[in-house]
Amino acid sequence: MSDLRFPDSPAPALSTSGPRSVGSLGPVGPLALGCWRLTGGHDDNVRLIEAALDLGMNLVDNADVYGLDWGGTHFGACEEELGAILRERRGLRDRMILATKGGIIPGVPYDSSSQYLVAACEASLARLGVDHVDLYQIHRPDMLTHPHEVAEALTSLKQRGLVRECGVSNFSVAQTRALQTFMNGSLVSTQPEFSAACLAPMRDGTLDLCMETALTPLAWSPLAGGRLATGDGVARDLVETLDRLAAEKSCSRTALALAFVLAHPSGPVAIVGTQSPERLAELVTATQVSLSRTEMYAIVEASEGRKLP
């Protein structure tokens, strides 16, 4: 039998560091802070926002519907809390890329009609206490509104100076393309669920569309809602693979899992929702972890539970 030898891969390791570009918004850190759990004590929330910005997490992601869970009391509560922080710490607004989302009405459940989106954005600005947001995204697709009408609303908000850039969240590739068509390609972001435990954007064309049309993917739940940290409800092989690679690279499992998200060539921003400044500092170490193709594909195989062909 002949001795089969395979050449080493000439490709360098996949980098997780470096700022991202989101339209005209300037450099955005590879990790962002999600505000869906911004429902704790006010002083703790202030420390959290300041810590995130100090660590280079300058994209702060909110939504009008945040505040209905995680101990929140009402629709808009997390925008109101962030608004209170910005009024109290006047310099923080200038340090952040402020993003929020609209289009969900509990019980409806979705409304992206032009009239509603404009009103929802204006209400978000009032709660946040700002005259504009840097990024406004449709939180979930309203299948009963024509994309032309959605585009009219977003275009109007931009022309009025209420938003600088627009994006979508939880949209399919087809839904994103349809809206892009009526907005003359001016969308800058899409926000899918993406983690080592949820590879759908790698398989359904979402990340391919990002690379094709210069959309920046903003990955929500990049630690699978914390399950990749605890190991609960996650395939045993995936946990073991993450732990093996983390040990080899002298980092935590969570940093390794975040590095997997950040290493994709579409340049994702990973939105994390921890409420601990100390935890944020640990998560930022993900930007110092480089992964090879072999390591990335090992995670894919462990996540999907089958060998790649």
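Predicted model: local features only at pLDDT ≥ 70, side-chain atom pairs only at ≥ 80, totals over all residues.
Let me begin at one pair of residues: Ala32 stands opposite Ile271 in strand S10, and this pair belongs to the 3 bridges that join strand S3 (residues 31–34) to S10 (residues 269–272), two strands that run parallel. Residues are numbered from 1 along each chain as its sequence is written, and side-chain values use heavy atoms, with hydrogens and water left out. Helices (H or I, at least four residues) and strands (E, at least two) are DSSP runs, numbered from the N terminus, and two strands pair if DSSP finds at least two bridges between them.

On its other pairing, S10 meets strand S9 (residues 216–220), again in the parallel sense and over 3 bridges, and there the bridge partner of Trp220 is Ile271. In a regular strand the side chains alternate between the two faces of the sheet. For S10 both faces are covered, with Val269 and Ile271 buried on one side and Ala270 and Val272 buried on the other, where buried means under 20% relative accessible area, exposed over 50%, and partly exposed in between, using a 1.4 Å probe and protein chains only.

These pairings belong to a barrel, which 8 strands close in the order S3-S4-S5-S6-S7-S8-S9-S10, with parallel pairing. Neighbouring strands of this sheet are turned by 30° against each other on average, direction ignored. Strand S6 (residues 133–138) in turn pairs with strand S7 (residues 163–169) in the parallel sense over 5 bridges, with Val168 of S7 as the bridge partner of Ile138. S6 is mostly covered, since 6 of its 6 residues are buried.

Turning to the helices, I will take two packed pairs. The axes of helix H9 (residues 236–249) and helix H10 (residues 253–262) come within 8 Å and cross at roughly 100°, axes being lines fitted to C-alpha atoms, for helices over the stretch in contact, and angles running from 0 to 180 degrees between N-to-C directions. That makes H9 roughly perpendicular to H10, on a scale where angles under 35 degrees count as roughly parallel, over 145 as roughly antiparallel, 65 to 115 as roughly perpendicular and the rest as oblique. The contact (heavy atoms within 4.5 Å) includes Val239, Leu242 and Lys249 of H9 and Arg253, Leu256 and Ala257 of H10.

Finally, the cysteines: the structure holds 0 disulfides, a disulfide being a pair of cysteine sulfur atoms within 2.5 Å. For Cys210, the nearest cysteine sulfur, that of Cys198, is 14 Å away, and Cys210 is buried, with a relative accessible area of 2%.
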